[in-house]
Amino acid sequence: MLILAPKKYNPSEETNKLTADFLIKNPIFEHTIHRVMANNKIHQGRNIKRFREMLSIKQDALAYELGDDWNQQKISLLEQKETIDNTILEQVAQILKIPVEAIENFDEEQAVNIISNTFHDTQGFINYNPVFNNDPIDKIIQLHNDKIALYERMLKEKDEMMVRLEKLIHNK
């Protein structure tokens, strides 16, 4: 169980969570997360810190989840390391609920370049003019047509039942 420190609502934290999810799950950033540039060394500790902060998780909470051997100071030192042991990396990734590859290969500079080249002034994450494909008049017309079809089936069944009853009466 992950323990989060009590705090006031901060809209930027919500944005950070959305950004973390967006960067991890969006195929546009796949080559950023899964590719290490030869001349640009990835700092895994810094990536842990980035993802931890995006998810609003305190160092103490991460230390608690890692076990008794860990404390806030050790997490701080871990976040300063350029490369991290795979077993620790897997544990941290599991606690943060992100892929290990995200920590190993995420390059913030590449992500910023992709975002700045992808989104322009007229585009954004939010659609301010949404288009709804469910016109209420079309729905009413559809319901009316369904109602007429139901009545026609009921009348047909009533007529068939009347014919059967007449046959029964004449056979007696």
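L168 is exposed, with a relative accessible area of 51%; exposed denotes over 50% relative accessible area, buried under 20%, and partly exposed the range in between (1.4 Å probe, protein chains only). This residue belongs to helix α9, which spans residues 136–171. Helices here are DSSP runs of H or I with at least four residues, numbered from the N terminus. Together with M161, M162 and L165, L168 makes a nonpolar surface patch of about 380 Å². Such a patch consists of residues with over 30% relative accessible area and no salt bridge, nonpolar side chains being joined within 5 Å and like charges within 9 Å.

The model is predicted: local features need pLDDT of at least 70 and side-chain atom pairs pLDDT 80 or more, while totals for chains, interfaces and linings use all residues. Residues are numbered from 1 along each chain as its sequence is written, and side-chain values use heavy atoms, without hydrogens or water.

**Helix α3 and its packing**

Eight of the 11 residues of α3 are buried, so this helix is largely enclosed by the rest of the structure. The buried residues are Q44, G45, N47, I48, R50, F51, R52 and M54. Helix α3 (residues 44–54) packs against helix α6 (residues 86–96) at an angle of about 15°, with the axes 11 Å apart. The two helices are therefore roughly parallel, a term for angles under 35 degrees. Their crossing is left-handed, meaning that the near helix is turned anticlockwise from the far one by less than a right angle. After α3 comes S56, which has a positive phi near 55°.

The structure holds two salt bridges, each defined by a side-chain nitrogen of Lys or Arg within 4 Å of a carboxyl oxygen of Asp or Glu.

| Salt bridge | N to O distance |
|---|---|
| R52 and E53 | 4.0 Å |
| R52 and E79 | 2.5 Å |

Through shared partners, the salt bridges join R52, E53 and E79 into one network.

E53, in contrast, counts as partly exposed at 42% relative accessibility.

Methods
Areas by Shrake-Rupley, 256 points an atom, 1.4 Å probe, with all protein chains shown as cover. Axes fitted to C-alpha atoms, helices over the stretch in contact; angles between N-to-C directions. Parallel < 35°, antiparallel > 145°, perpendicular 65-115°, else oblique.
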